[in-house]
Amino acid sequence: MPKEDKKTKSFVLRIDADTMDAIERWAADEFRSTNGQLQWIINEALKKHKRMKKKDDHAE
């Protein structure tokens, strides 16, 4: 069964230079794009604060 296509939304994010530099270094350390790192950070924060359901890793 094909995976469900996820819809993504684009938006502009203003962030100070020092924070962006730190995110870029973190992304490089984990072999992610900066965008991918920001998505991961946001998703982890949402799950931690129970604002988003954790994905079922076993679902196909």
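**Surface.** I started with the area of this predicted model: the protein chain exposes about 6,300 Å², and carbon and sulfur atoms supply 53% of that. I took accessible areas from the Shrake-Rupley method with a 1.4 Å probe, counting only the protein chains shown as cover for residues. Next I checked burial. Of the 60 residues of the protein chain, 7% count as buried. My classes are buried under 20% relative accessible area, exposed over 50%, and partly exposed in between (1.4 Å probe, protein chains only).

**Ground rules.** Residues are numbered from 1 along each chain as its sequence is written. The model is predicted, so local features need pLDDT of at least 70 and side-chain atom pairs count only at pLDDT 80 or more, while totals for chains, interfaces and linings use all residues; side-chain values use heavy atoms, with hydrogens and water left out.

**Helices.** I found 2 helices and 0 strands in the protein chain. Both kinds of element are DSSP runs (helices H or I, at least four residues; strands E, at least two), numbered from the N terminus. I then tested the length of H2 (residues 34-48). Its 15 residues should span 21 Å at 1.5 Å a residue, and the end C-alpha atoms are 21 Å apart, so the two agree. The expected span is 1.5 Å times one less than the number of residues.

**Patches.** I grouped residues with over 30% relative accessible area and no salt bridge, joining like charges within 9 Å and nonpolar side chains (Val, Leu, Ile, Met, Phe, Trp, Tyr) within 5 Å. Phe11, Leu13 and Ile15 form a nonpolar surface patch, with about 300 Å² of accessible area together. Phe11 sits in the segment before H1. At a relative accessible area of 60%, Phe11 is exposed.

Which residues gather in a patch of negative charge? I listed Asp16, Asp18, Asp21 and Glu24 on the surface. Here Lys and Arg count as positive and Asp and Glu as negative, with His and the chain ends not counted. I placed each charge at NZ of Lys, CZ of Arg, CG of Asp or CD of Glu. Asp18 belongs to helix H1 (residues 17-29). Asp18 counts as exposed because its relative accessibility is 62%.

**Salt bridges.** Side chains of opposite charge can pair when their charged atoms come close. My rule asks for a side-chain nitrogen of Lys or Arg within 4 Å of a carboxyl oxygen of Asp or Glu. The count comes to 2 salt bridges.

- Glu30 and Arg32 meet at 2.4 Å, N to O. Glu30 is partly exposed at 34% relative accessibility, and Arg32 is partly exposed at 32%.
- Lys47 pairs with Glu44, the closest N and O atoms being 3.1 Å apart. The two are 3 residues apart in helix H2, so about one helical turn separates them. Lys47 is partly exposed at 27%, and Glu44 is partly exposed at 32%.

**Positive phi.** Where does Phe31 lie? I found Phe31 in the loop between H1 and H2. Phe31 is not a glycine, yet has a positive phi of about 55°. Phe31 counts as exposed, at 80% relative accessibility.

Lys50 is in the segment after H2. Lys50 also is not a glycine and has a positive phi of about 55°. With a relative accessible area of 74%, Lys50 is exposed.
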